[in-house]
Amino acid sequence: MLRKLLILGIFAGTSASIPIVFQANPHLVDGLLKSTDASQPAAPKAEPQVNLVSVPAKPATPMPLGRQVLVNADGRGHFTSQFKLNGRQIDGMIDTGATLVAINSSTARRIGISLNPSDFNQQVNTANGAIKAAVVTVDHLQIGKISVDNVQAMVLDDRALQTNLIGMSFLQRLQRYQVQDGALLLVQ
C-alpha cells in the first residue's frame, strides 16, 4: 500500500511539473515530441533570413505561469513587455535600476492621471541629467496574472522619457524576481 502511494505521489508530482517545464522550455518539449514521431521522415526546414533592422521593436507578450510571469529578453537584451496600468494596456521595460515606476505624461493621461504644471515639483537625476517629475500613485499595475495595487510612480515629460519603466516600486513588492536562461521570472 505504501509503495502504491509513493508511486502515485511521484506520478502526480511529475504530471504537475509538465506545464511548468513546457512554459520554461517549449523547444525542449517540441524536440521530445518530434523525436517520438519517427513515422514521418524529417524534411529540412529552410530558415527565413530576417534582417533585424527591419523588424519593429514590439514588446514580447509575457508568459503567465500561475502567479508567475516569464518575460523574455528582446533583441537588445532588455525585458520589455505589455503591462496594464489602471486597466489600460501600455508597453514598458522592466528596469531594476529605476527606483520607481516611471511613466511619461502621455501615458499618465491615458491611465487617468491628470497633472498640473505645479505637480512637477520633484527633481530627479536621470541618465540625461536632472529634470522635474511629479510623484503619483498608480492604482493598479498588472502583468499577466501578477497584480499590485497602489504602486508609487513618477511622471516625466514625454521628451525626457520615451519608454515607460517598471522599476523597483513594483518589483520589491513581488515575492521574488530573477533572470534565468535569458528571461526574467517574476513571482508574486
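The chain contains four helices and eleven strands, where helices (H or I, at least four residues) and strands (E, at least two) are DSSP runs numbered from the N terminus. The model is predicted, and local features therefore rest on pLDDT of at least 70 and side-chain atom pairs on pLDDT 80 or more, whereas totals for chains, interfaces and linings use all residues. Residues are numbered from 1 along each chain as its sequence is written, and side-chain values use heavy atoms, with hydrogens and water left out.

Of the 188 residues, 30% count as buried, that is, under 20% relative accessible area, with exposed meaning over 50% and partly exposed in between (1.4 Å probe, protein chains only). Nonpolar side chains tend to be buried together in soluble globular proteins.

Asn 164, in the loop between β8 and β9 (165-166), is buried, with a relative accessible area of 7%. Leaving aside residues up to four places away in sequence, Asn 164 touches Ile 90, Asp 91, Gly 92, Met 93, Ala 102, Ile 103, Asn 104 and Thr 107, contact being heavy atoms within 4.5 Å. A polar atom of the Asn 164 side chain lies 3.2 Å from the backbone nitrogen of Asn 104.

Definitions and conventions:
A polar contact is a pair of N or O atoms within 3.5 Å; within protein, one must be able to donate a hydrogen and the other to accept it, and residues adjacent in sequence count only if both atoms are side-chain atoms.
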